[in-house]
Amino acid sequence: MIDLIAGATNGSHVCNAWLVDGVLFDPSGDPWSRTPAFWRLYCREHDVRAIALTHWHADHATGVAALARELAVPLFAPPIKRERVFSYVTEGDRILERFQVLSTPGHDAEHVSFWDERERTLIAGDAFERSPGGHIDPLTIAKIEMLRPARMLPGHGLEKEL
Ligand SMILES: [Zn+2]
Ligand SMILES: [Zn+2]
């Protein structure tokens, strides 16, 4: 089951969260996404078993550590010092034995994406978005293309069928 929860509140910059079989990706509580109150309700109604982050930009990550603590579910995220997180992830780790962690730097140095091999689906985050410095890493793009994903779920915009 895949659910797109698009941000609804701040004009042109809209940020996506995705729920894929009980794992909620990038449920930010900032103005480009949804409110913390929305996420609390959503998680209780949808049996969210874990939260995962592609990177720590505010439009994806605001309030997620607090949300995970409150729901008592694990938070899987790339390392960052200023947040207390249950589980840091790196290349090759698996989330709930299902989603493989891919290091996909470029947009952000610590950026990761999540690969669901069974459905050939990539939770891409912002891997295809330029960095604040305008950078996209060609090695990251090549690495993703080699997987031959059937679909990609991006941090902004619509799902891409390939
Ligand atoms: Zn970003
Ligand atoms: Zn973003």
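First, the conventions. This is a predicted model: local features need pLDDT of at least 70, side-chain atom pairs count only at pLDDT 80 or more, and totals for chains, interfaces and linings use all residues. Residues are numbered from 1 along each chain as its sequence is written, and chains are lettered from A and ligands numbered from 1 in the order in which they are written.

Now the overall picture. The protein chain has 4 helices and 12 strands; these are DSSP runs, H or I of at least four residues for helices and E of at least two for strands, numbered from the N terminus. The C-alpha atoms fill a box of roughly 40 × 35 × 35 Å along the principal axes.

Of the 162 residues, 39% are buried. Buried means that 20 or more other C-beta atoms lie within 10 Å of the residue's own; exposed means 12 or fewer, partly exposed is in between, and the C-beta atoms are placed from the backbone. As for contacts with a separation of 6 or more, 51% are between residues 24 or more positions apart. A contact here is two C-beta atoms, placed from the backbone, within 7 Å.

Next, the sheet. An open sheet is formed by 6 strands in the order E1-E2-E3-E4-E5-E6, with mixed pairing. Its edge strands are E1, residues 2–6, and E6, residues 87–88, each of which pairs on one side only. Pairing requires that DSSP finds at least two bridges between the strands. E5, residues 75–77, runs parallel to E6 and is joined to it by 2 bridges. Phe 76 is the residue opposite Ser 87 in E6.

E7, residues 94–95, is antiparallel to E8, with 2 bridges between them. Arg 94 has Gln 100 in E8 as its bridge partner. Gln 100 in turn has Trp 115 in E9 as a partner, and Trp 115 is also bridged to Leu 122 in E10. Strand E8, residues 99–103, and E9 are antiparallel and share 5 bridges, among them the one from Ser 103 to Val 112. E9 and E10, residues 121–125, are antiparallel as well, with 3 bridges.

Is strand E9 enclosed or in the open? All 5 of the 5 residues of E9, 112–116, are buried, so the strand is largely enclosed by the rest of the structure. Val 112, Phe 114 and Asp 116 point one way, while Ser 113 and Trp 115 point the other way. Helix H4, residues 138–147, has 0 of its 10 residues buried, so it lies largely in the open.

Phe 114 comes up again in the core. The largest nonpolar core has 35 residues, and those that touch the most other members are Phe 25, Ile 51, Ala 52, Val 64 and Phe 114. Helix H3, residues 64–71, gives the most to this core, with 4 residues. A nonpolar core is a set of buried Ala, Val, Leu, Ile, Met, Phe, Trp, Tyr and Cys residues joined through C-beta atoms within 7 Å. Leaving aside neighbours within four places in sequence, Val 64 is in contact with Pro 27, Ser 28, Ile 51, Leu 53 and Leu 75.

Last, the backbone angles. Most residues other than glycine have a negative phi. Which way does phi go at Asp 21, positive or negative? At Asp 21 phi is positive, about 45 degrees. Asp 21 sits in the loop between E2, residues 16–20, and E3, residues 23–25, and counts as partly exposed because it has 15 C-beta neighbours inside 10 Å. Leu 96, in the hairpin of E7 and E8 with 3 residues between the strands, has a positive phi near 50 degrees. Leu 96 has 13 C-beta neighbours inside 10 Å, so it too counts as partly exposed. In the hairpin of E9 and E10, with 4 residues between the strands, Arg 120 has a positive phi near 50 degrees. Just after H4, Arg 148 takes a positive phi of about 50 degrees.

That is the end; questions are welcome.
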